[in-house]
Amino acid sequence: ILLRIASIVTVIVFLGTLLYTRVLWRLSPFNKLHNVVDIGGKWQGHMEFESGEHYEVETVITQYLDDVKIKIKTGAFLNDSLVCKFKVEMHGSKLYAVYKSKPNGKVDSRNQIEYGTFIINCDEDFLEGIFFTSNKLSGNLELYRK
């Protein structure tokens with residue numbers, strides 16, 4: 001009987017934790033406990049490289065209390081986050097992300113897979129930041145909630 005009770009309690013704790021980290025943390029009063037900006041959803045905007053290249057982007061951010069995933073699509077490439085860290089700092093919330101960028105077409109010597117980082121200032125309806133690539137390029141990113 002003790003084994004059955006322990007199994008039921010384990011399942012309840014697991015499901016409760018899953019429900020809390022996926023959904024409930026966004027709702028009041030839980031969101032005030034964590035002080036985390038909800039940036040999950042669809043975004044649009046642009047990326048501009050220091051070289052002057054400009055790309056319109058469509059972005060999907062999947063956010064849970066304990067995890068964030070970012071997908072940024074342009075006509076030329078797709079950026080997928082590998083690691084994201086959300087941090088509340090004195091001057092607001094920031095998202096630090098390491099990403100992999102792959103060209104939409106064939107991968108060759110001119111269109112290579114790259115890696116990079118984003119440092120994004122977060123607001124409920126506006127994200128702005130900088131990015132750096134493994135090819136030693138950098139630029140700015142601005143996103144608006146759809």
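Here are some notes on the aromatic and charged side-chain pairs in this predicted model.

1. Ground rules. This is a predicted model, with residues numbered from 1 along each chain as its sequence is written, local features needing pLDDT of at least 70, side-chain atom pairs counting only at pLDDT 80 or more, and totals for chains, interfaces and linings using all residues. Side-chain values use heavy atoms, with hydrogens and water left out.

2. Aromatic pairs. The whole structure has seven of them (ring centres of Phe, Tyr or Trp, for Trp its six-membered ring, within 6.5 Å; planes under 30 degrees apart are stacked, over 60 edge-to-face, the rest tilted). One of them is F49 with F131, edge-to-face at 5.0 Å centre to centre and 80° between the planes. That pair links distant parts of the chain, from strand β1 (residues 41-49) to strand β7 (residues 126-133), 82 residues apart (strands are DSSP runs of E, at least two residues, numbered from the N terminus).

3. F131 has another partner. The F118 and F131 ring centres are 6.1 Å apart with planes at 65°, so this pair is edge-to-face. It ties F118 in strand β6 (residues 114-122) to F131 in strand β7, 13 residues apart. F49, Y55, F77, Y99, F118 and F131 form one aromatic cluster.

4. What F49 touches. Neighbours within four places in sequence aside, F49 contacts Y55, F77, F131, T133, L137, S138 and G139 (contact being heavy atoms within 4.5 Å).

5. Salt bridges. The whole structure has six (a side-chain nitrogen of Lys or Arg within 4 Å of a carboxyl oxygen of Asp or Glu). Among them, E58 and K146 meet at 2.7 Å, N to O. These two are 88 residues apart, E58 in strand β2 (residues 54-64) and K146 in the segment after β8 (138-145). E58 is partly exposed at 38%, whereas K146 is exposed at 55%.

6. Two further bridges. K71 and D80 pair at 3.0 Å, N to O; K71 is partly exposed at 43%, as is D80 at 25%. R145 and D125 have their closest N and O atoms 3.4 Å apart, and they join strand β8 to the loop between β6 and β7, 20 residues apart. R145 is partly exposed at 27% and D125 is partly exposed at 47%.

Notes. Helix = DSSP H or I, 4+ residues; strand = E, 2+ residues; numbered from the N terminus. Buried < 20%, exposed > 50% of the residue type's maximum accessible area, 1.4 Å probe, protein only.
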